[in-house]
Amino acid sequence: MVFCMETDGSGRRGAFFSACMGRIYVCVDFTNTDSAKTIPAAISEFGTGFGVDYGLMMTGDALCGSVGIHKADRNTGFLEFVKQEMTEGSYTCHIELDGDGLRLFAANYGGQILSVFELENGGISLRKKKDYILEDCSVHPNGRFAYATCELASQAVVLKYDEPKHDFEIIQYHTTLLDDVENLASALCINPEGRYLYVGNRGEDTIAVFEVNPDTGGLIHKYHVDAGGRWPRELKMDARGNYLFVANQMSDAVSVFDIDSAGRPTLCAAYTGISQPACVALVSEGEK
């Protein structure tokens, strides 16, 4: 996990990394990987998913297939458990909030189920809405489309939101690979403008980049780049769309990519010595 904060005006930033076993580390400035010092900060039992809104952390518990809600101290990074909500699947592997912070998507490895919750009472309550047979997910900023991965088939899936029915329908499947290799599709994320979708490939160890059609939500393949390590388990982009963070689980490293105006990622930094990083999330100091 990477949990990043920006202080008002000073440019000083902090980052939190966690491995798949739940240990959290703190570094003072994620813009300077040479000088950043990581220290153990807390131990948490949550698994692999992570989302932030309303000043809370919402986490997926891989062990029991649930969503946990935690209060976070923005100065220390320590977590206070609030409550737990069960999904209909198991091994909850990814958490994603929509752009309005009104719906939470929980992808479950077990059963290939994507559970959708509505947030109530300032995020403290999650009301179960529906389950879909899909995995990792990312929601388009306009709220009309969502994207998921089919891990074993190495495919990206496009879903369109039907507002009258309050439901999603699948409208496209697209391979995430250049060649026919042994691979598992992993996490995906969309840039803040909704123009580009980024998908991780474990095995091929690449990041696939797609251009998004703003009218239909459909995908057009644009680039394939090396992931900067082995087994890219999770991807996350900063709020401005300038940087892509990739947790390379088998390289014990979080790689950072600069994103140009055409959406192409270029490796620019890496945090090493983070044991089996499984999740990435970012939040600005102003998020409440």
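## Strands E18 and E19

Strands E18 and E19 run antiparallel and are joined by six bridges. Within this part of the predicted model, Asn201 stands opposite Thr206 in E19.

Both strands belong to an open sheet of four strands, arranged in the order E17-E18-E19-E20 with antiparallel pairing. The edges are formed by strand E17 (184-190) and E20, each of which pairs on one side only. From one strand to the next, the twist averages 25 degrees. As a general point, the strands of a sheet pair through backbone hydrogen bonds, either parallel or antiparallel.

## Salt bridges

Side chains of opposite charge can pair when their charged atoms come close. The structure holds four salt bridges. One of them is formed by Glu151 and Arg202, whose closest N and O atoms are 2.4 Å apart. Glu151 lies in the loop between strand E14 (145-150) and strand E15 (155-162), while Arg202 is in strand E18 (residues 196-202), so the pair ties together parts that are 51 residues apart in sequence. Glu151 and Arg202 are both buried.

Another salt bridge is made by Lys222 with Glu211, with 3.8 Å between the closest N and O atoms. This pair links distant parts of the chain, since Lys222 is in strand E20 (residues 219-226) and Glu211 is in strand E19 (residues 206-212), 11 residues apart. Lys222 is partly exposed, at a relative accessible area of 36%. Glu211 also counts as partly exposed, at 29% relative accessibility. Arg195 and Glu193 form a salt bridge too, their closest N and O atoms being 3.9 Å apart. Here Arg195 is partly exposed, with a relative accessible area of 37%, whereas Glu193 is exposed, with a value of 59%.

In soluble globular proteins, nonpolar side chains tend to be buried together. The largest nonpolar core of this model has 15 residues, and those touching the most other members are Cys189, Tyr198, Ile207, Leu235, Met237, Leu244 and Val246. At least two residues of this core come from each of E17, E18, E19, E20, strand E21 (232-237), strand E22 (243-248) and strand E23 (253-259).

Leaving aside residues up to four places away in sequence, Leu244 touches Cys189, Tyr198, Ile207, Leu235, Lys236, Met237, Ser255, Val256, Phe257 and Ile259. A second, separate core has 14 residues, including Val116, Val139, Ala148 and Leu159.

## The loop residue His140

His140 is found in the loop between strand E13 (137-139) and E14. Is His140 buried or exposed? With a relative accessible area of 6%, His140 is buried, because it falls under the 20% limit.

Residues that His140 touches, not counting those up to four places away in sequence, are Phe145, Ala146, Tyr147, Ile190, Gly194 and Val212. Val212 is 72 residues from His140 along the chain, and the C-alpha atoms of the two are separated by 9.5 Å.

Key
Residues are numbered from 1 along each chain as its sequence is written. This is a predicted model: local features need pLDDT of at least 70, side-chain atom pairs count only at pLDDT 80 or more; totals for chains, interfaces and linings use all residues. Side-chain values use heavy atoms; hydrogens and water are left out. A salt bridge is a side-chain nitrogen of Lys or Arg within 4 Å of a carboxyl oxygen of Asp or Glu. Buried means under 20% relative accessible area, exposed over 50%, partly exposed in between (1.4 Å probe, protein chains only). Two strands pair if DSSP finds at least two bridges between them. Axes are lines fitted to C-alpha atoms, for helices over the stretch in contact, and angles run from 0 to 180 degrees between N-to-C directions. A nonpolar core is a set of buried Ala, Val, Leu, Ile, Met, Phe, Trp, Tyr and Cys residues joined through side-chain atoms within 4.5 Å. Contact means heavy atoms within 4.5 Å.
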